Amino acid sequence: MSESFQSAYQEEESRLNEVIVEIDRQLERLRGIPVYTGHDFTEQVLEAGREEKRQALAKSLPEPYFGRLDFQENGTGAKKPLYIGKIGFDKADAGDHPMVIDWRAPVASLFYSFTGGTDPASFEAPEGIIEGLVYLKRNVVIRKQILERVSDTYNRESGGPAVSDEFLVYRLGENKDNRLRDIVSTIQAEQDKIIRAAKNTALIIQGVAGSGKTTVALHRLAYLLYQYKEQVTAEKMIIFAPNLMFLDYISDVLPELGVGDIQQRTFGDWAAKLLDIQLSSEEHAQTLHQWFETEPGQGTPDIDDNVSGRYKGSLRLMDIVRRCVESIEAEALPDGDFSPWDGAVLKQETMADWFYQEYKPYPLAKRKERLLARLHRWVEMELKKSPSPAVLKERKKKAAQREKAYANRWPKFEPISLYKQLFGAVKAAGSWVEELSGLIPPEVLAATRKDLKKNVVREEDLPALLYFHCLLNDISSEQRFDHIVIDEAQDFSPFQVAVLDLFVRGHSFTILGDLSQGIHAYRGVHAWEEMSSLFKEEETAYFALTRSYRSTMEIIEFANGILEKGVASDLLAVPVFRSGDAVRLIPYDAGNARRKDLERAMSALIAKEYRTVAILTRTLREAKELHEELSPSWPMLNLIDGSKGTYQGGYSVLPVYLSKGLEFDAVVVADADRAHYAEKAWDAKLMYVGCTRALHELWLLHGEPLPSYIMAETSEIMASGWPAE
């Protein structure tokens, strides 16, 4: 141990002890104050502040901070050590220098954005740009109040020209458990720009596999809550993720950052609840079966813009829905005057003026509601003119009957009713249907009509139903969001995002995904322009995250080869220099040895004490069969079939198309041959997704021949056959 390192370690150990003593002192004082449970509002506010402070300090105590930056602001005398943590706090004595600065504070951005060199550094503060010199950037690892590691990634006095990746590589080398973790101690400069981007912007993030895009989006939510605390609340933020298991996998990140109460839903669950409809319980499994459960040798089905998912997610259908509502509006008012009894008449021209002029700012359902309420008030005023109680009684009876009959002559402004009319599942109430239905591709029209006649609503129907809802009804303040995160957005449609834009204030989105992982191309976007074109140029920003932090250099280079050869994509990952074992290609032994070889591969990787190991099959059918075959050897082996809402970690077998978004220490891709992965870009993307799930080790077991996009030749990043035992 060098003398300088020993000195740094002793310095940080002394500082840590000082911070722990201060946290304990403040916690003891706060816990000594009786909790207020009365009804005085001022005291309630004060107690809420104290409780927030108690929880923050208690959360900070095991790991108070993770970094240090020595910064000298221009025009000031001495450099100051700034300690950066997940939660900031000051000394109890007013006016003292902060003990720990919140990672989201403006000055803390220097810890992430500074990339080395001797030039001045700057950050944007509320009072303007602050410039100065960085003298030291230091990472520390503290666990359970014990200082475990000190790593200087930049030291001006030692002449280091740039920030070192040594600490980052150390953290990336750690084994994974069954949850995504925060990256607050290792946020990189390009990630920090996204996290701190302005709120009222639709950010579109193209991030290669392992670039940390999901984690960046979650940290962005924490930042927005800190930076715009007067404008946004956690309850008014929502994360849309592809499935419940993925939501479970990311569920620990926000609590680790001290953020709670952010809604986390799938689009289908959220939309179905808002519309008060029931999705087909079999629909999701049926869709996956249709597109992925093909027989060996068939490959993935062909798609175009008229397949059901692509069409129903397109702006073409959105335009038809809009025209549908415009046509209904033109024909909505029933013909003729209204007469509650003989001799009393409310002219149609008067009601038309109410509906088409006075109430025009309101959506259709509200306009109908207001007109019928006003008509009823008119009836009540006319009833007052009745000459006798007997006449009044008779008129009331007739008026009630005729009001009800008149209301029934209005069209039903219900999304599902109009959607069924559009697709011909029920008799149309207007002349608009034939023209607009004729614009829908015949196969989509016929299949959807068949579903709707059986009251089957699929997830692909939800954007149109939501748009009907928005055009017909008010969006209440309770339904509006301050910010929306869409993860795996390459699998979202433009129609979905366009409708969600009606629910969010200021186009405040974080839209993130990877086109190279677009394995749900039958419903998702094929280019980010399909998303960006929904917004004005000044309302959107595009970021590309190209560095991959998940996998070893060998795995990333191998996966890049799949994209280059199989997809002709230039969205390639740049690896952090973290070398590991070569990617291993293992042909099945002659004869019926597939199960034995997969069992042998699993045994070898488990013996290396990896926490998470997965076998990825091409189909769910194969995953179920393999799970049944291997379970006697490993009773703890999990089958991930899409039906569970939690990710258990440990050892798993699952179809490759359900692995997206997850990561494992080691991965075995089963049947990595042409019989299972055809010579199609879609199949190559499936293979790419499977390979990029691995952090440390990747094995491909296969029959013959291999797809052309898998490099068969041995190189520095690849090895052939079983490892030496």
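These are my notebook entries on what I looked up in this predicted model.

**Ground rules.** I number residues from 1 along each chain as its sequence is written, and for side-chain values I use heavy atoms, with hydrogens and water left out.

**Overall layout.** I looked up the secondary structure and found 25 helices and 21 strands, where helices (H or I, at least four residues) and strands (E, at least two) are DSSP runs numbered from the N terminus. The C-alpha trace spans about 110 × 75 × 45 Å along its principal axes. Of the 725 residues, 54% are buried; here buried means under 20% relative accessible area, exposed over 50%, and partly exposed in between, with a 1.4 Å probe and protein chains only. I also noted that, among contacts (heavy atoms within 4.5 Å) with a separation of 6 or more, 73% are between residues 24 or more positions apart.

**Salt bridges.** I found 39 salt bridges in the structure, each being a side-chain nitrogen of Lys or Arg within 4 Å of a carboxyl oxygen of Asp or Glu. One of them joins Arg 196 to Asp 192, with the closest N and O atoms 2.8 Å apart; Arg 196 is buried at 18% relative accessible area, and Asp 192 is buried too, at 4%.

I then looked up Lys 680, whose side chain meets that of Asp 302 in a salt bridge at 3.5 Å, N to O. Lys 680 lies in the loop between β19 (664–669) and α25 (681–691) and Asp 302 in the loop between α10 (283–292) and α11 (308–312), so this pair ties together parts that are 378 residues apart in sequence. Lys 680 is partly exposed at 27%, whereas Asp 302 is exposed at 63%.

Lys 360 and Glu 329 form another salt bridge, 3.5 Å from N to O. Lys 360 sits in the loop between α13 (348–358) and α14 (364–383) and Glu 329 in helix α12 (residues 315–331), so the parts tied together here are 31 residues apart in sequence. I read Lys 360 as partly exposed at 47% and Glu 329 as buried at 17%.

I also recorded a network of salt bridges that links Glu 11, Glu 12, Arg 68, Asp 70, Arg 138 and Asp 152.

**Helices α14 and α15.** How do the axes of α14 and α15 cross? I found that they come within 11 Å and cross at roughly 165°, α15 covering residues 389–408; the axes are lines fitted to C-alpha atoms, for helices over the stretch in contact, with angles running from 0 to 180 degrees between N-to-C directions. That makes the two helices roughly antiparallel, a label for angles over 145 degrees. Residues making the contact include Leu 371, Leu 375 and Val 379 of α14 and Leu 392, Ala 399 and Tyr 406 of α15.

**Backbone details.** I checked the peptide bond from Glu 704 to Pro 705 and found it cis, with omega near -5°; Pro 705 lies in the loop between β20 (694–702) and β21 (718–720). Gln 145 has a positive phi of about 70° although it is not a glycine, and it lies in the loop between β5 (128–143) and β6 (146–155), partly exposed at 33%. Asp 671, also not a glycine, has a positive phi of about 60°; Asp 671 is found in the loop between β19 and α25 and is buried at 2%.

Note on methods
Predicted model: local features only at pLDDT ≥ 70, side-chain atom pairs only at ≥ 80, totals over all residues. Parallel < 35°, antiparallel > 145°, perpendicular 65-115°, else oblique.
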